[in-house]
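Reader: I have a model open and would like to go through it with you. Can we take it piece by piece?

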Amino acid sequence: MDERIRAIMAEALRLPAERIGADAAIGTVPNWDSTAHMRMMIALEDTFGIELDESRMVEMTSFATIRSAVEELRAGGAHSEAS
């Protein structure tokens, strides 16, 4: 899963995947602005079949928080607005 997340982040940020380390976060990675963040969130939803609400998207500001959120949602451990 890490490599898939890294590839999504790299594509959204228009950077080589090797530039996305485990410590990647807003403020430490070039090109991570609001537009790139939304591209990343949409790609994560599409790739992993999850639904992200606005509050979770705002929290997903690093590789670690993105990975954690994706794992939690894929395991069905979070609420969803869709019924």
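Reader: Is Ala43 buried or exposed, or something in between?
Author: Ala43 is partly exposed, because its relative accessible area is 26%, and buried would need under 20%. Bear in mind that this is a predicted model.

Reader: Where is Ala43 found?
Author: Ala43 is in helix α2.

Reader: Which residues of α1 and α2 meet?
Author: On the α1 side they are Arg4, Ile5, Ile8, Met9, Ala12 and Leu13. On the α2 side they are Ala36, Arg39, Met40, Ala43, Leu44, Thr47 and Phe48.

Reader: How do the axes of α1 and α2 cross?
Author: They cross at roughly 145 degrees and come within 9 Å of each other. The crossing is right-handed.

Reader: Why quote both an angle and a distance?
Author: Two packed helices are described by the angle between their axes and the distance between those axes.

Reader: Stay on α1. What is its reach from first C-alpha to last?
Author: Helix α1 has twelve residues and reaches 16 Å, close to the 16 Å expected at 1.5 Å a residue.

Reader: Which of its residues are buried?
Author: In α1 the buried ones are Ile5, Arg6, Ile8, Met9, Ala10, Ala12 and Leu13. The buried residues of α1 pack against α2 and α4.

Reader: What comes just after α1?
Author: Arg14, with a positive phi of about 55 degrees. Arg14 has that positive value although it is not a glycine. Arg14 lies in the loop between α1 and α2.

Reader: Is Arg14 buried or exposed?
Author: Arg14 counts as exposed, because its relative accessibility is 62% and the cut-off for exposed is over 50%.

Reader: What is the phi of Asn31?
Author: Near 75 degrees, which is again positive in a residue other than glycine. Asn31 is also placed in the loop between α1 and α2. At 43% relative accessibility, Asn31 counts as partly exposed.

Reader: What is Ala24 in contact with?
Author: Leaving aside neighbours within four places in sequence, Ala24 is in contact with Met9, Val29, Trp32, Ser62 and Phe63. As for Ala64, its C-alpha is 8.0 Å from that of Ala24, and the two are 40 residues apart in sequence.

Reader: Where is Ser62 found?
Author: Ser62 is in the loop between α3 and α4. Ser62 counts as buried, at 13% relative accessibility. With neighbours within four places in sequence left out, Ser62 is in contact with Ala24, Ala25 and Trp32.

Reader: On to α4. How does its span compare with what it should be?
Author: Helix α4 covers residues 63–74, and those twelve residues should span 16 Å at 1.5 Å a residue. The end C-alpha atoms of α4 are 16 Å apart, which agrees.

Reader: Which residues in α4 are buried?
Author: Phe63, Ile66, Ala69, Val70 and Leu73 are buried. They cover an arc of only 135 degrees around the axis, which puts them on the same side of α4.

Reader: Why would residues spaced like that point the same way?
Author: An α-helix has 3.6 residues a turn, so residues three or four places apart point the same way.

Reader: What do the buried residues of α4 pack against?
Author: They pack against α1 (2–13), α2 (34–48) and α3 (54–59).

Reader: At what angle do α1 and α4 cross?
Author: Their axes cross at roughly 125 degrees and come within 11 Å. The two helices are therefore oblique to each other. The contact is made by Asp2, Ile5, Arg6 and Met9 of α1 and by Phe63, Ile66, Arg67 and Val70 of α4. The crossing of α1 past α4 is right-handed.

Reader: Last one. What follows α4?
Author: Gly76 follows α4, and its phi is positive, near 80 degrees.

Note on methods:
Residues numbered from 1 in each chain as written. Predicted model: local features only at pLDDT ≥ 70, side-chain atom pairs only at ≥ 80, totals over all residues. Heavy atoms only, no water. Helix = DSSP H or I, 4+ residues; strand = E, 2+ residues; numbered from the N terminus. Expected span 1.5 Å × (residues − 1). Buried < 20%, exposed > 50% of the residue type's maximum accessible area, 1.4 Å probe, protein only. Arc of directions from axis to C-beta. Contact = heavy atoms within 4.5 Å. Axes fitted to C-alpha atoms, helices over the stretch in contact; angles between N-to-C directions. Parallel < 35°, antiparallel > 145°, perpendicular 65-115°, else oblique. Left-handed = near helix turned anticlockwise from the far one by under 90°.
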